[in-house]
Amino acid sequence: MEKYRIDDHTLDLIEASPIPFAVYQFVSRRVVTLALSEGFCRLFGYEDRALAYHDMDEQMYVDTHPDDVSRISEAAVLFATKDGRYDVIYRSRNRRGSGYRLIHAVGEHAYAGDGTRLAYVWYTDEGEYREGVIDRNGSLNRLLSGAIRRESMLNESFYDHLTGLPGMSYFFELAESGRRWMYAWDKQPVLLYIDLNGMKFYNQKYGFAEGDRLLQAFGHILTRTFGHHNCGHLAQDHFVVLTEGAGIAERLQQLFTDARELNNGRSLPVRVGIYLDWAEDVSVGIACDRAKIVCDTLRNSYRSCFTYYEKSLLDNEEHRRYILSNLDRAIEEGWIRVYYQPIVRSLNGRVSNEEALARWADPDKGLLFPDQFIPYLEEAGLSYKLDLHILDRVLNKLKLQESSGLYLVPQSVNLSRSDFEACDMVEEIRRRVDAAGISRTMITIEITESTIGSDFDFMREQVARFQQLGFPVWMDDFGSGYSSLDVLQSIRFQLIKFDMRFLQSFDEGESGKIILTELMRMATALGTATVCEGVETQEHVRFLQEIGCTKLQGFYFCRPILLETILERYASGTQIGFENPEESAYFDSIGKINLFDLGSVANDRSGLMGNYFDTLPMGIVEVSDSAARYVRYNHAFRDFLGRMYSMRPEALETVLGSFTEENRLHFIQTLNHTYQSGAVSVMDQKMPDGSVVHFLLRPLAANSVSGYSALAVAVLSVEKPEEGVSYSQIALALELSRRSQPADGRQPRTGQSADGADCDDL
């Protein structure tokens with residue numbers, strides 16, 4: 001049905017009438033405004049007639065009290081679709097003041113000359129509405145209450161009672177006719193599925209009444225942006241919108257901006273799924289489902305955003321639903337298989353631990369790897385079922401392995417954050433392990449850095465509970481997130497497992513090796529064992545052994561395999577071999593020694609190490625023509641200077657002040673000559689106690705502004721007066737001197753400065 005056109009003369013008469021009334025037509029399941037009188041515009045506070053027409057067509061109930069919208073909307077639909085009289089009382093916002101006024105609307109049908117049915121509605125202002133006050137309008141207030149009860153019972157549920165927007169069924173009818181109209185006018189229809197992210201927690205924090213007010217306010221924004229009959233409220237915080245595709249991104253950005261200001265900024269992020277390429281044979285219901293699918297992909301986003309539907313998302317959603325609906329069956333029928341990957345101790349090449357990994361052997365889809373099913377289970381809060389099943393299988397494996405006469409090594413099981421939300425995971429694991437008669441030390445708990453960071457205080461408590469019960473806890477995937485060091489500072493793990501991405505960039509340059517080396521040193525200094533994942537080459541193995549990695553894991557040793565395969569390898573003699581548990585403590589002790597720190601090796605309490613350094617004393621000295629000063633030094637250099645000159649740490653920058661003037665100038669001259677030579681040099685310096693210190697000097701850089709030059713200084717050794725020069729010291733000095741030989745073949749001899757001056761008195 002097409003929109004009826006009132007002739008110009010009749011339209012002029014209607015628009016000039018002082019009586020508040022309007023003429024409407026019901027076209028394609030929508031109320032269309034044909035004429036508004038002057039009296040109508042005055043009654044509802046419109047100074048611009050064009051704005052009045054726009055509001056009646058696009059947001060008819062923009063000024064209607066939220067509690068009345070659904071009631072009068074349903075009455076309007078009944079009036080439009082059936083014979084009868086329209087008679088409603090409702091509250092309308094006073095545009096010229098504050099509060100609401102009571103409006104009594106009465107309508108009847110009439111037929112135009114061509115048989116088109118039109119609706120004439122007259123409006124009466126019954127006065128100010130005052131909540132809870134009985135005055136001269138008390139009878140009308142009671143009449144309003146009676147009308148609400150009566151109409152709520154008689155009217156069909158076309159509109160949502162909270163927001164006043166069309167409900168799901170009625171919206172689908174409106175959208176079906178609306179998209180046909182868009183096709184007819186060569187417009188591209190799109191369907192939006194809209195959610196407010198975090199409504200559950202909003203209600204918990206602010207209360208359901210405040211949550212309802214937020215939904216009502218958001219419904220008003222949708223109406224203002226897209227038009228009343230283009231929007232629908234499905235349930236809870238789920239909304240749908242039919243609109244045209246042109247400019248959709250800009251309109252959504254404006255929607256996001258407006259939504260942030262709701263309830264004085266106490267609002268929620270908005271996520272929108274857009275079904276854009278809408279073929280004519282796709283129903284509104286299917287389009288809505290597809291828009292919802294893409295909207296759900298944004299569930300973990302905590303800012304307002306939108307995305308578009310793609311075919312791959314439908315395939316992904318179907319796969320997700322398959323996983324969730326078949327999990328219990330997969331467990332019961334043995335589709336979930338446990339594969340074990342060995343973790344090899346770098347000291348002896350034996351398997352010291354194993355990690356249990358899940359695979360889904362589906363009869364139709366084939367073998368599914370963890371990234372094809374675990375994320376869906378975590379998101380749905382069902383991963384605890386999988387992880388407890390894996391634990392049960394691991395406990396059975398240990399029993400079978402023991403009965404086969406094989407050594408037992410600890411087994412690692414991985415836990416997800418959602419496991420701890422579904423049940424008391426610590427107690428559940430303790431109960432199952434104890435019931436199986438297996439030592440708690442044989443079950444290692446692996447928890448990823450991201451799992452801990454999701455609720456740090458809670459997860460720290462769970463880690464402590466596991467450890468107090470005797471379960472080792474490892475930090476998995478170290479380095480994959482942004483809070484690794486913060487976590488290590490607050491939680492003590494038995495082992496840190498480095499993410500495989502460190503070795504994936506192994507051949508891309510030295511920076512990755514340097515970072516991994518320093519992280520390994522840090523872990524060793526903390527007394528924490530280490531594992532590096534992703535070991536695939538002999539070069540990886542050699543490098544990790546050199547930097548002190550305790551244990552190694554990767555395809556170089558073995559891919560994850562089934563228990564049956566492990567037993568077959570033992571039977572055929574092709575196994576790596578389990579570590580003898582009686583030797584594990586021995587190897588653990590060896591692995592904890594920090595070979596980067598002499599103090600860790602010496603562990604001296606007798607004072608024997610007082611004349612030795614746990615780290616080479618090193619510092620940086622700046623020198624000019626007339627001055628020199630130490631600007632940086634490590635703790636060993638600080639101890640060295642303090643010991644030799646009996647100076648407090650804060651006075652070390654002035655250490656040269658203890659030199660005689662002659663020695664000070666000589667020292668400065670030697671430093672300058674060394675810098676100018678550009679070569680590494682070795683020099684000796686006699687100390688106040690008569691000992692001789694062997695220094696290494698390396699030129700670094702010059703400051704063109706201050707005139708200072710910088711050199712690195714390292715103490716190679718200290719020789720007591722009664723000691724002779726050792727052969728090793730001579731050999732070291734000769735080797736360093738050889739390396740620093742200038743291009744002309746000349747080299748400074750040990751004990752001389754670059755210009756040949758004797759340095760013994762420096």
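Reader: What do the buried residues of H21 pack against?

Author: In this predicted model, they pack against helix H19 (501–504), helix H20 (510–525), strand S18 (529–532) and strand S19 (551–552). The buried residues of helix H21 (residues 538–546) are His540, Val541, Phe543 and Leu544.

Reader: Which residues does Leu544 touch?

Author: Setting aside residues up to four places away in sequence, Leu544 touches Leu503, Leu516, Met520, Cys532, Val535, Cys549 and Leu552. Touching here means that heavy atoms come within 4.5 Å. Just after H21, Gly548 has a positive phi of about 95 degrees.

Reader: What makes a group of residues a nonpolar core?

Author: The members must be buried, belong to a set list of residue types that includes Leu and Ile, and be joined through side-chain atoms within 4.5 Å. The largest such core has 74 residues, and Ile429, Ile443, Ile445, Leu516 and Leu544 touch the most other members. Helix H13 (residues 383–403) supplies the largest share of this core, seven residues. A second, separate core has 44 residues, including Leu34, Leu36, Val69 and Ala105.

Reader: Why is H6 called roughly perpendicular to H10?

Author: Two packed helices are described by the angle between their axes and the distance between the axes. For helix H6 (residues 168–184) and helix H10 (residues 284–296), the axes come within 9 Å and cross at roughly 100 degrees. Angles of 65 to 115 degrees count as roughly perpendicular, so H6 is roughly perpendicular to H10.

Reader: Which residues of H6 and H10 meet?

Author: Phe172, Ala175, Glu176 and Arg179 in H6 meet Val284, Gly285 and Cys288 in H10. The residues of this contact divide into four nonpolar, one polar and two charged. Gly counts as polar, while Glu and Arg count as charged.

Reader: Is Glu2 buried or exposed, and how do you know?

Author: The relative accessible area of Glu2 is 71%. The cut-off for exposed is over 50%, therefore Glu2 is exposed. Glu2 is found in the segment before helix H1 (8–16).

Reader: What is Glu2 in contact with, leaving aside its neighbours within four places in sequence?

Author: Glu2 is in contact with Gln25 and Val27. Glu2 and Ser28 are 26 residues apart in sequence, and their C-alpha atoms are 8.5 Å apart in space.

Reader: Why is Asn263 called partly exposed?

Author: Its relative accessible area is 23%. Buried means under 20% and exposed over 50%, with partly exposed in between, so Asn263 is partly exposed. Asn263 lies in the loop between helix H9 (248–260) and strand S9 (270–275).

Reader: What is noted about the phi of Asn263?

Author: Most residues other than glycine have a negative phi. Phi of Asn263 is near 50 degrees, a positive value in a residue other than glycine. Asp477, also not a glycine, has a positive phi of about 55 degrees. Asp477 lies in strand S16 (residues 473–478).

Reader: How many helices and strands does the chain have, and what share of its residues count as buried?

Author: The chain has 27 helices and 24 strands. Of its 762 residues, 48% count as buried. Carbon and sulfur atoms account for 50% of an accessible surface of about 37,700 Å².

Terms used:
Residues are numbered from 1 along each chain as its sequence is written. This is a predicted model: local features need pLDDT of at least 70, side-chain atom pairs count only at pLDDT 80 or more; totals for chains, interfaces and linings use all residues. Side-chain values use heavy atoms; hydrogens and water are left out. Helices (H or I, at least four residues) and strands (E, at least two) are DSSP runs, numbered from the N terminus. Buried means under 20% relative accessible area, exposed over 50%, partly exposed in between (1.4 Å probe, protein chains only). Accessible areas come from the Shrake-Rupley method with a 1.4 Å probe; for residues, only the protein chains shown count as cover. Axes are lines fitted to C-alpha atoms, for helices over the stretch in contact, and angles run from 0 to 180 degrees between N-to-C directions. Angles under 35 degrees count as roughly parallel, over 145 as roughly antiparallel, 65 to 115 as roughly perpendicular and the rest as oblique.
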